[in-house]
Amino acid sequence: MASEGFRVQRGAVGRLKTGIAGMMVGLCVACPGQSGPADNGIPAKEMKGFSAISEANLHKNLSYIASDKLAGRLSLRPGDDAAIEWVADQFEKAGLTPAAVAPDGKASYLQAVPLVEYKPDRAALRVTLTRGGAATVFQAPQVVGAYKDDIDLTAPLVFAGYGITAPELGYDDYKSIDAKGKIVLIFDHEPQEDDPKSIFNGTGNTRYATTRVKLLNAQAHGAVAVLIVAEPNRKHLTNAERSAKIYVGGTVRTTPLPVQALRDDELHIPGLTVVDAVAAKLLETAGAVPSKLQADIDKDLTPQSRALTDTSVAIHMKNESRMTGTSWNVAGLLEGSDPELMAETILISAHHDHDGESPKAGTEPDLYGRQPMDIWHGADDNGSGTVGVVELAQAFAANKAKPRRSILFVVFASEERGLLGSYWMAAHPLRRLPTTVAMINFDMIGRNETASPQTDGLITIPADTTNRLNLIGALYSPDYDNVVKEENKNIGLVLDDRFDHESALNVFFRSDQFPFVLKDIPAFWWFTGFHPDYHHTTDTADKINYVKMAKILRLAYLTAWHFGDADVDPVFVANPGNTQSSGRQ
């Protein structure tokens with residue numbers, strides 16, 4: 001792939017021109033019937049758009065987005081570019097205003113997301129411990145990680161507990177140590193995560209538990225790299241163990257998924273994961289074994305951070321290849337009707353990319369270079385969210401009346417490669433973040449939650465999920481949660497908050513609402529749950545529960561109207577365990 005691969009020329013409004021009409025051939029037209037919407041308590045001005053939400057539309061559009069023609073929509077590949085163009089076309093047809101600006105200064109539906117795609121040389125990765133004049137070298141699988149640039153650095157090692165600085169909780173792992181110019185070793189997750197009374201959100205994750213936040217915190221304290229180890233006293237799988245279970249029983253990729261990163265990211269230090277035995281060796285001069293260090297922190301939230309005598313670490317990382325490219329966030333604006341409140345924003349979002357394709361095992365290219373491919377269709381993840389955002393844009397456009405506040409419809413780039421499009425927009429917002437009232441993020445809203453290897457033994461799945469919607473993020477905004485519950489009286493879904501009270505699956509961090517939660521915006525992930533087809537080639541459009549999906553979109557429609565017209569904004573709670581609220585930054 002050439003540098004700046006798959007960048008395509010844009011027209012007057014910034015839409016990609018890749019000949020999507022030809023790719024639309026073969027759309028499914030035999031679509032299921034649709035159930036009639038309820039109308040109790042729905043204002044007349046909202047009813048036309050509410051009634052326009054159509055299961056038939058969802059089926060037709062998702063059959064295209066998840067079709068073989070789009071080849072799994074891998075970021076920086078033609079299939080994903082086709083999805084980008086389709087969304088932009090739909091936004092234009094709905095009459096949305098282009099919300100971004102193209103490089104030529106013209107209005108555009110596309111916000112460029114500059115990316116780096118690279119292939120780590122895993123055999124070259126080395127972490128070398130030097131102590132007492134002796135060197136110990138660790139390589140994969142004892143240490144794993146990737147970074148967009150080659151790395152060669154040597155620095156003293158310090159231990160920084162969980163790597164958390166939480167001033168509103170009076171907790172700081174860096175308070176007693178100097179991390180400047182050093183490599184930092186930290187535990188994953190956060191203190192007391194098995195204690196329902198913990199100020200760290202009881203048994204749920206807070207923003208502090210995610211790796212990116214910990215890396216940014218280490219960087220802010222002057223660290224040059226971070227080594228992360230799973231908590232030694234954990235009662236859950238490590239992230240690597242959990243991730244490996246996702247792919248049990250599925251099609252084996254013959255080509256690995258590419259690694260991507262933002263070209264210009266606020267985070268610019270590497271992070272690597274080490275196994276327990278490596279961490280124990282690194283901490284031999286700490287005065288306590290890793291399990292004791294964790295226990296002492298968890299007992300009363302007293303940090304155990306310390307310098308490690310006569311301990312330095314060298315990190316060597318190399319990439320086999322590296323290229324730059326551009327993907328696109330697609331954004332269209334429905335302007336509010338109130339001259340003053342129209343400057344405020346409700347975000348409705350999803351992501352358009354998935355995991356692409358890979359040559360079928362045991363096959364070879366023919367004389368024309370053609371080869372059978374396995375396709376990761378991504379119908380639920382996240383074709384369902386993509387067509388859901390489009391359906392809502394069209395529903396709002398169908399109304400003569402508009403909400404007082406504006407609605408920004410966004411379909412993000414490169415979520416599967418690390419929430420890259422949403423992190424980019426959170427850092428480069430198209431509308432001012434302090435006036436962003438709430439965010440409705442769809443990621444997997446099309447299936448019934450069922451047991452899978454990833455979730456077995458980690459979370460309880462109700463017996464009947466045919467009418468169930470998981471809402472993630474409610475602890476950060478009870479006001480938002482109450483609005484959804486009130487509007488749900490017109491819909492009748494079963495609302496579930498299980499994922500706000502678990503820490504083993506890391507769900508809170510795993511979709512595009514999270515970068516906006518980091519900006520103190522009330523943002524929920526609307527999610528129908530995991531299933532055995534998650535991240536498998538079998539995630540196809542024929543398995544979608546279109547009746548439930550339409551109900552979810554009707555609930556989101558009513559919720560967005562409420563946020564758009566309400567006199568009071570939902571409050572963001574800065575730390576649920578501490579019950580302190582905060583205005584948006």
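The model is predicted.

Start with the sheet. Eight strands form an open sheet in the order E6-E5-E15-E8-E11-E12-E14-E7, and their pairing is mixed. Strand E6 (134–138) and E7 stand at the edges. Each has a single partner strand, so one side of each is left without a neighbour in the sheet.

Now follow the strands towards E7. Strand E11 (residues 183–187) pairs with E12 in the parallel sense, over five bridges. Phe187 stands opposite Val229 in E12. Helix H5 (residues 211–220) packs on the sheet here and touches E11, E12 and E14. The direction of H5 makes about 140 degrees with that of E12.

Move on to E14. Strand E12 (residues 225–229) runs parallel to E14, and three bridges join the two. Val226 stands opposite Gly271 in E14. The partner on the other flank is E7 (residues 143–144). E7 and E14 run antiparallel, joined by two bridges. Val143 stands opposite Val274 in E14.

Which side chains of E14 are buried? Along this strand (residues 271–274) the side chains alternate. Leu272 and Val274 point to one face and are buried.

Next, look at helix H4 (residues 78–93). H4 has 16 residues. From its first C-alpha to its last it reaches 22 Å, close to the 22 Å expected at 1.5 Å a residue. Why is H4 described as largely enclosed by the rest of the structure? Buried here means under 20% relative accessible area. By that cut-off 13 of the 16 residues of H4 are buried, so the helix is largely enclosed. Just after H4, Gly95 takes a positive phi of about 85 degrees.

Finally, turn to the cores. The largest nonpolar core has 66 residues. Phe91, Ile348, Phe409, Phe442 and Trp526 touch the most other members. Helix H13 (residues 546–565) supplies the largest share of this core, twelve residues. Apart from this core lies another, of 41 residues, among them Leu76, Ile459, Leu505 and Phe516.

Take Phe91 as a close-up. Leaving aside residues up to four places away in sequence, Phe91 touches Leu96, Tyr109, Val330, Ala331, Gly332, Val389, Val390, Ala393, Phe409 and Val411. One of these contacts, Phe409, is itself among the residues that touch the most other members of the core.

Notes: Residues are numbered from 1 along each chain as its sequence is written. This is a predicted model: local features need pLDDT of at least 70, side-chain atom pairs count only at pLDDT 80 or more; totals for chains, interfaces and linings use all residues. Side-chain values use heavy atoms; hydrogens and water are left out. Buried means under 20% relative accessible area, exposed over 50%, partly exposed in between (1.4 Å probe, protein chains only). Helices (H or I, at least four residues) and strands (E, at least two) are DSSP runs, numbered from the N terminus. Two strands pair if DSSP finds at least two bridges between them. A nonpolar core is a set of buried Ala, Val, Leu, Ile, Met, Phe, Trp, Tyr and Cys residues joined through side-chain atoms within 4.5 Å. Contact means heavy atoms within 4.5 Å. Axes are lines fitted to C-alpha atoms, for helices over the stretch in contact, and angles run from 0 to 180 degrees between N-to-C directions. The expected span of a helix is 1.5 Å times one less than its number of residues.
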